[in-house]
Amino acid sequence: MNKTPTIFDTDPGIDDAFALSFLHKSDVFDVKMLSSVAGNVKLAYTTRNLQGLAYAMDWQVPIYKGLDKAILGKQILAEEFHGVNGLLGYTFNDKELADLKNQSAIKAMEKVLEENKKTLIIAVGPLTNIASLILSRPDLKEKISEITIMGGAVGMGNVTSNAEFNIFADPEAASIVFKSGIKINMLGLNVTTKTSYNLDMHEKFKKSDKKINKILSDIMDIRIKQAGSEENYTTYMHDTLAVMYHTNPEIFKSQMLHMDVETKGEFTRGMTVADLRINSTASKNINFVSDIDKEKFKEIFIKTLI
């Protein structure tokens with residue numbers, strides 16, 4: 001089986017941790033590099049978490065540090081959900097960190113693109129690194145097969161009434177990516193909030209003897225204790241879907257739309273604005289993923305990770 005050369009850009013992050021494990025376990029990707037970006041928490045923490053998670057999986061993959069702030073505007077973090085360090089206080093020992101390469105993430109991405117015919121980019125944090133790559137080397141856009149993002153929403157938001165966090169954290173970067181002409185697959189809140197990690201799944205993780213699953217279940221123990229252990233407890237597995245979209249595309253539904261990113265609105269900054277007009281002549285620049293087979297998701301999620 002020919003594996004797909006892949007760059008994975010992330011800001012770990014609770015759901016990022018699950019996405020990383022799913023990426024590692026899947027057999028369709030030839031992961032060339034992992035890169036950190038500031039997003040859920042500050043860059044120092046997202047980078048350290050990335051190193052710790054890779055070490056726990058004994059994953060020999062190059063890791064690079066990305067950018068520590070948005071292209072424009074003030075830094076937006078999600079510490080209230082992920083905790084100051086991104087993993088609700090779960091910390092990795094200094095001796096349990098995978099090596100961090102000296103080169104910048106942007107330069108490393110350029111090298112991967114130069115050395116491969118076509119490369120998939122999966123980005124599950126703010127799009128700061130990806131936009132910076134496009135700005136620095138527009139000549140390499142043709143080497144990117146597609147960019148799959150976790151981000152955005154149509155008609156809903158989570159950090160504001162209209163905006164999803166990853167886009168809101170750096171809307172200028174998202175706008176650059178959306179306008180790049182590269183094929184973009186957008187898995188936003190419309191589909192990711194249809195999936196969840198619940199107590200039944202948690203019990204399966206707690207029984208696993210895999211090191212990474214013990215870490216994930218420890219993190220979720222903290223999350224469940226904070227949120228309460230009611231029977232309907234859920235945590236959305238946002239970022240895993242951006243990976244699963246390439247392992248199991250048959251369980252998703254999508255449509256091509258024209259979509260812009262609002263960068264200036266007083267109440268709508270960070271909003272992904274979809275053109276839903278039947279008679280629209282605007283170019284369709286986004287493959288908007290809107291639905292998923294929820295039962296298939298659970299089956300694939302548990303089968304792959306446990």
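**Exercise 1. In which sense do strand β2 and β3 pair, and over how many bridges?**

Welcome! The model is predicted, so local features need pLDDT of at least 70 and side-chain atom pairs count only at pLDDT 80 or more, while totals for chains, interfaces and linings use all residues. Residues are numbered from 1 along each chain as its sequence is written, and side-chain values use heavy atoms, with hydrogens and water left out.

*Solution.* 
- Step 1: Settle the terms. Helices (H or I, at least four residues) and strands (E, at least two) are DSSP runs, numbered from the N terminus. Two strands pair if DSSP finds at least two bridges between them.
- Step 2: Look at residues 29–36, which make up strand β2. This strand is joined to β3 by two bridges, in the parallel sense.
- Step 3: Pick out one bridge. Ser35 has Tyr64 in β3 as its partner.

**Exercise 2. Find the order of the strands in the open sheet, and name its edge strands**.

*Solution.* 
- Step 1: The protein chain has eleven strands and twelve helices.
- Step 2: Walk across the sheet. Nine strands form it, in the order β3-β2-β1-β4-β5-β6-β11-β9-β10, with mixed pairing.
- Step 3: Check the ends. β3 (63–64) and β10 are the edge strands, as each pairs on one side only.
- Step 4: Recall a general rule. Strands of a sheet pair through backbone hydrogen bonds, either parallel or antiparallel.

**Exercise 3. Work out how β9 pairs with β11 and with β10**.

*Solution.* 
- Step 1: Start with β9 (residues 252–261) and β11 (residues 286–292). Six bridges hold this pair, and the sense is antiparallel. One example is Met256, whose bridge partner in β11 is Asn287.
- Step 2: Turn to β10 (residues 272–275). Here β9 is joined by four bridges, again running antiparallel. Across from Met259 you will find Ala274 of β10.

**Exercise 4. Describe the largest pocket and the largest cavity**.

*Solution.* 
- Step 1: Define both. On a 1 Å grid over the protein atoms alone, a cavity is a set of points where a 1.4 Å probe fits but cannot get out, whereas a pocket is an open set with protein on both sides within 12 Å along at least five of seven lines; lining residues have an atom within 4 Å of a point. Grid points are joined across faces, edges and corners, and a volume is the space filled by probe spheres set on the points.
- Step 2: Take the pocket. The largest pocket holds about 430 Å³ of space. Its lining has 23 residues, and Phe81, His82, Asn158, Phe165 and His238 are the closest to its centre. Elements giving two or more residues to this lining include α1 (14–25) and α11 (238–247).
- Step 3: Take the cavity. The structure holds one cavity of 30 Å³ or more, and the volume of the largest cavity is about 60 Å³. Among its 13 lining residues, Ala38, Lys69, Ala70, Gln75 and Ala169 lie nearest the centre.

**Exercise 5. Is Asp58 buried or exposed, and what about Leu88?**

*Solution.* 
- Step 1: Buried means under 20% relative accessible area, exposed over 50%, and partly exposed in between (1.4 Å probe, protein chains only).
- Step 2: Asp58 sits in the loop between α2 (43–56) and β3. With a relative accessible area of 60%, Asp58 is exposed.
- Step 3: Leu88 belongs to the loop between α3 and α4 (105–115). Its relative accessibility is 10%, so Leu88 counts as buried.
- Step 4: Compare the backbone. Phi is positive in both residues, about 55 degrees for Asp58 and near 60 degrees for Leu88. Most residues other than glycine have a negative phi, and most peptide bonds are trans.

**Exercise 6. Which residues does His202 contact, leaving aside its neighbours within four places in sequence?**

*Solution.* 
- Step 1: Contact means heavy atoms within 4.5 Å.
- Step 2: Locate His202 in helix α9 (residues 199–207). This residue counts as buried, at 3% relative accessibility.
- Step 3: Read off the partners of His202, which are Tyr197, Ser217, Met220, Asp221 and Ile224.
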